Amino acid sequence: MRIGVVAPSSVPAVRGGAENLYAGLLDHLNRGTSHEATLVTLASPEGDFWALMESYRAFSELDVSRFDLVISTKYPAWMVSHPNHVCYMLHCLRGLYDTYHLFGLPVDPPAALPARLLELRRRMRDPLENPQQLSEFFSSVFELREDPECRPGFQFPGPLTREIVHYLDAYALRKGAIARHAAISKVVATRSDYFPQDVSAVVAYPPSGLETRDNGPYEYFFTASRLDAPKRIDLIVRAFRMVGNVNARLKIAGTGPEDARLRALAKGDPRIEFLGYVDNQRLSELYSGARAVLFTPYDEDLGYITMEAMRSGKPVVTTSDAGGPLEFIRHGENGLVADPSPESLARCIEQLARDRELCVALGEQGSRDIASVTWEKAVASLLPMDDKMVEMAASTKRKKVVVLSTFPIYPPVGGGQCRIYHLWRRIARVHDLTVVSSVGPEDSPSRQLIAEGMYEVRVPRSRKHAQYEVEASRALDWTPVTDVIFAMKPELAGSYRDACAEALEDADLCILEHPYTLPVLDGLQLPELWYEAHNHEASMKSTMLPATEEGRRMVAVVEEVEAEMCRRAARVIAVSEPDRDRLKQTYGVDDARFLMLPNGADLESITFVEERDRAALRHRMGMEHRPVAVMLASWHGPNLEAVEDVIAVADHFEQVDFIIIGSACKAIESRQLPANVHLVGVVDDEEKDVLLGMATVALNPMRSGGGSNLKLLDYMASGVGVVTSEFGARGSDIDTSMAWLYTGEGFEGALSQALVANPAERQAKARAARRHVERRFSWDVLGDQVLAEIGVTDRARR
């Protein structure tokens, strides 16, 4: 069964308890069961009410139909619609539910609201019943966004915004929309208003994924937590200062907004040590060496710290109002429970400081108790495996799909690599997929798992093959021709042909990335063939190769093999309408064989960063005093042309730092560049995410090329303001509400407008652009289109 775990991602990305839960759940589903699970995330900023509403709406529109079952865990992810939807609740938005009273705000909005807000409240008396009503409700709320009379009513948190979120959660969590309601603890399951009144939520405790060590020495008291008010580290510090035992020590791990205040509170007591951030390895060591673990939050949802301490064989000291920890800790049996006062907590600490044997006994019992908390048990409680779901899971038989490429695709760095990897790894969640790629003669042959269900077989080119390639490139002013050589001299690719023959045995489908490997397959028994046309290759090569006799001869070879590929392919995947039209006109491909599939964005690896967070990130990077303009560019003719435009315009924007990212930097690294142009080179996804996250604007001044631009979609998904030529935006269907578009020689003017725009305008365009990508250009959405074409098979795989 295909399972989608749907969750909001934090902005900027932070790994906390929720992220650890997702990782553990996915790992167990994929490794410990026969199911295939995928994490599906959308950026979910909640710094203000409108950002939160955008997230609620985005999840309500998210298409998860490709899964047999979905599991949501937090607001607003549970807005997704699916016939087999399990809600595994971590918590609601606590500041609008169980901790709302701490703000001292009224529960009900004032009676004297503006008429339009009164009408909105009247509308919320009737529960939402279907997606159409939900869409109309979102429209009615967003219509009030710019109304100055209504603006004060949308205070966040506030009574009206609280009512709206409760109203949306009630719709999402209603009995008919959720197949099974579950919670991570009894505390969460029984909180007021969390679940519908007619629902009894199943409790499924999620184990911590921390690797614990053998029980070490009982040397010090320990706590680990985010240093903020609800965790009540101040209670621990005040209590410890009352402890008379001069040999007792306290170690506090963690960071947070209370750090300075807590250090001031502990000042003068040398026994108290603040460790700051610690990684998982160090955290495990600290648990192992502790005498006992102190964990005293207020009404905690669950508390991984409790579980981790118990698994480490250490007693936990908590308080009678701690919430989740009390579901595990029994006073005097496997830990101690104090009243929530420094005096009571200090007495418990002194008791354990005096009695090492008590620490050992309590810790050993805790270790035995927590052993029953496993993912196997939690998942068994979560999945409502009725007859319908069993039938659904068994109905899809995996096909064998083979993808052929003249270059390696993992790790994905260049545009072609990214397209192949991110598209076909979506297909590999449903079908068995192997990529056969070619690498240099200095590389070793290999077969590696590069994604769930997806292998890459790398075949080194022979020395003779490589030498012929060098000679051909030299005759063409050193233009790269690795791909074309496969078509010109297929007899040199013997090892590659052998690997293809092995991979294609019993295959259902073979996809050629570009047409060049088709001659290599001559004489092999082939399954159905598809052609993924990244460009109109003959046209592209005619602009890249020199206009010499040898260049024209090579273009003729490209045109011949592309024509044959178009003739034989059952499906031709075109990236853009212009490419489709050129292939149709040049090679006579009929409309019925085309599959339009533009480039996409991998939303799992791209963090949407709000405008205010960009400024904070630039500050941390030491670049807060100047705007930052970035451009992603691989070493490809049209990209190099666009980079030249960026370099030319940099002289007119001396106050701006221009950052070029990608292999295009190699082509210009030896040149004298303007002082404000910086070459970063090739980066991985994480580094790219940081650079896009700190950028003021991103540049796409393309003037030539085929297909559509992957970089543009990465920009739009990341939340950065985009400056793009209309040509560069081809195939994306974006407009001026999403980016600064220009025609002809308007690059400099458009860049000026983007740089002087106020943050609110940049943010509005960025949010519109992200929504557009989520709906139209997510690789998940595009992958579903391909899956619909491939279908399933009942053939038993051997």
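1. Let's start with Cys510. This cysteine counts as buried, at 0% relative accessibility (buried means under 20% relative accessible area, exposed over 50%, partly exposed in between, with a 1.4 Å probe and protein chains only). Keep in mind that this is a predicted model, where local features need pLDDT of at least 70, side-chain atom pairs count only at pLDDT 80 or more, and totals for chains, interfaces and linings use all residues. Residues are numbered from 1 along each chain as its sequence is written, and side-chain values use heavy atoms, with hydrogens and water left out.

2. How many disulfides does a search of the whole structure find? The search finds zero, a disulfide being a pair of cysteine sulfur atoms within 2.5 Å. Cys510 is in no disulfide, and the nearest cysteine sulfur, that of Cys500, is 7.2 Å away. For Cys359, also in no disulfide, the nearest cysteine sulfur belongs to Cys348 and is 11 Å away. Cys359 is buried, with a relative accessible area of 0%.

3. Next, have a look at His28. This residue is found in helix α1, residues 17–32 (helices, H or I of at least four residues, and strands, E of at least two, are DSSP runs numbered from the N terminus). His28 is buried at 16% relative accessibility. Leaving aside residues up to four places away in sequence, His28 touches Thr33, Trp375, Glu376 and Val379, where contact means heavy atoms within 4.5 Å.

4. Which residues are buried in helix α21 (residues 577–587)? They are Asp579, Leu583 and Tyr587. These residues lie on the same side of α21 because they cover an arc of only 35 degrees around the axis, the arc being that of the directions from the helix axis to the C-beta atoms. Among the elements covering the buried residues of α21 are α19 (537–544) and α20 (549–568). Gly588 follows α21 and has a positive phi, near 70 degrees.

5. Finally, the nonpolar cores (sets of buried Ala, Val, Leu, Ile, Met, Phe, Trp, Tyr and Cys residues joined through side-chain atoms within 4.5 Å). The largest has 104 residues, of which Tyr88, Phe154, Ile164, Leu168 and Phe222 touch the most other members. Helix α5 (residues 159–173) gives the most to this core, with eight residues. Apart from this core lies another, of 60 residues, including Ala642 and Val697.
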